[in-house]
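Biologist: I would like to learn to read this model. Please show it to me.

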Amino acid sequence: MAGLTLTTAVSAMGTAPTAAAAEAAAAPARWRACAEPAPQQAPLQCTTISVPLDHRIPHGPKIDIAVSRLAARDQAERRGCC
């Protein structure tokens, strides 16, 4: 999931990517270790993505959304793309 972008996330929700999503896709997420440990000390990675508050106004006010991910233990059984 190293290639996860906002476009992927928007498509996964069933919404057509907007101009703002395409714009955000140009800047890859900067993943880092999460500040707070997860239950059972899972090695989560975290990032923050800035998105439009209203997808109908892509250049309007933005909000930050926190996202975390957990790497698959077995790459052959992982979910997701890329």
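Biologist: Which cysteines does a disulfide join?

Modeller: A disulfide is a covalent bond between the sulfur atoms of two cysteines. The rule here is a pair of cysteine sulfur atoms within 2.5 Å. In this predicted model, Cys-34 is joined to Cys-46, with S to S at 1.7 Å. The count by this rule is one disulfide.

Biologist: What parts does the pair tie together?

Modeller: Strands are DSSP runs (E, at least two residues), numbered from the N terminus. Cys-34 sits in the loop between β1 (32-33) and β2 (45-52), and Cys-46 in strand β2, so the pair ties together parts twelve residues apart in sequence.

Biologist: What is the handedness of the disulfide?

Modeller: The torsion about the S-S bond of Cys-34 and Cys-46 is about 95°, so the disulfide is right-handed.

Biologist: Is Cys-34 buried or exposed?

Modeller: Buried means under 20% relative accessible area, exposed over 50%, partly exposed in between (1.4 Å probe, protein chains only). Cys-34 has 17% relative accessibility, so Cys-34 counts as buried. Cys-46, at 17%, also counts as buried. Ala-42 lies in the loop between β1 and β2. Ala-42 counts as partly exposed, at 24%.

Biologist: How confident is the prediction, as mean pLDDT of the chain?

Modeller: pLDDT is the predictor's confidence in each residue, from 0 to 100. The chain mean is 74, and 61% of residues reach 70 or more. Over residues 1-14, pLDDT is below 50. Where pLDDT is low, the predicted coordinates should not be read in detail.

Biologist: What conventions apply?

Modeller: Residues are numbered from 1 along each chain as its sequence is written. Local features need pLDDT of at least 70, side-chain atom pairs count only at pLDDT 80 or more, totals for chains, interfaces and linings use all residues, and side-chain values use heavy atoms, with hydrogens and water left out.

Technical notes
Contact means heavy atoms within 4.5 Å. Helices (H or I, at least four residues) and strands (E, at least two) are DSSP runs, numbered from the N terminus.
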